[in-house]
Amino acid sequence: MMHHPPHPGEILRADYFEPLELSVTEAARALGVTRKTLSAILNERAGISPAMAHRLSKALDTTPEFWVNLQMQFDLWRARGTEVDDVERLVPV
């Protein structure tokens with residue numbers, strides 16, 4: 001089982017916003033999104049969409065794949081914590 005991966009908002013906050021001393025307002029303006037949208041990501045209440053991954057990659061000199069992969073790892077880890085009892089196997093055992 002994989003370890004608990006961080007939410008992409010945690011990475012964004014710790015590795016970019018804090019070192020660059022960015023405010024949510026100035027970063028939202030630079031990214032072309034609302035303060036509310038960016039705040040939800042930073043506070044781990046929303047995920048990174050492909051469109052946001054593209055914006056972040058241009059603003060922070062990363063790749064969209066970096067942000068999408070962070071989100072995917074977090075989502076898969078969270079999904080593994082839920083039981084799925086109503087699924088039938090479709091392949092021979």
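Reader: Which residues in α4 meet α5?
Author: In this predicted model, Pro50, Ala53, His54, Leu56, Ser57 and Leu60 are the α4 residues that meet α5. On the α5 side, their partners are Pro64, Trp67 and Val68.

Reader: How does that contact divide into nonpolar, polar and charged?
Author: Seven of the residues are nonpolar and two are polar, with no charged ones.

Reader: And at what angle do the axes of α4 and α5 cross?
Author: They cross at roughly 130 degrees and come within 7 Å. The two helices are therefore oblique to each other.

Reader: Left-handed or right-handed?
Author: The crossing of α4 and α5 is right-handed.

Reader: OK, switching to α1. How far apart are the axes of α1 and α5?
Author: Helix α1 (residues 8-20) and helix α5 (residues 64-80) have their axes 9 Å apart, and they pack at an angle of about 130 degrees. That makes α1 oblique to α5.

Reader: Which residues meet there?
Author: Pro8, Ile11, Leu12 and Tyr16 come from α1, while α5 brings Phe66, Trp67, Leu70, Gln71 and Phe74.

Reader: Nice. What about the largest nonpolar core, how many residues has it?
Author: It has 19 residues. Those with the most contacts inside it are Leu12, Phe17, Leu38, Ile48, Leu56 and Trp67.

Reader: Which elements give two or more residues to this core?
Author: Those are α1, α2 (24-31), α3 (35-42), α4 (50-60) and α5.

Reader: Back to Leu56: what is Leu56 in contact with, leaving aside neighbours within four places in sequence?
Author: Leu56 is in contact with Leu12, Leu31, Ile48, Asp61, Thr62 and Trp67.

How values were computed: Residues are numbered from 1 along each chain as its sequence is written. This is a predicted model: local features need pLDDT of at least 70, side-chain atom pairs count only at pLDDT 80 or more; totals for chains, interfaces and linings use all residues. Side-chain values use heavy atoms; hydrogens and water are left out. Axes are lines fitted to C-alpha atoms, for helices over the stretch in contact, and angles run from 0 to 180 degrees between N-to-C directions. Helices (H or I, at least four residues) and strands (E, at least two) are DSSP runs, numbered from the N terminus. Angles under 35 degrees count as roughly parallel, over 145 as roughly antiparallel, 65 to 115 as roughly perpendicular and the rest as oblique. Contact means heavy atoms within 4.5 Å. A nonpolar core is a set of buried Ala, Val, Leu, Ile, Met, Phe, Trp, Tyr and Cys residues joined through side-chain atoms within 4.5 Å. Buried means under 20% relative accessible area, exposed over 50%, partly exposed in between (1.4 Å probe, protein chains only). A crossing is left-handed if the near helix is turned anticlockwise from the far one by less than a right angle, and right-handed if clockwise. Ala, Val, Leu, Ile, Met, Phe, Trp, Tyr, Cys and Pro count as nonpolar, Asp, Glu, Lys and Arg as charged, and the others, Gly among them, as polar.
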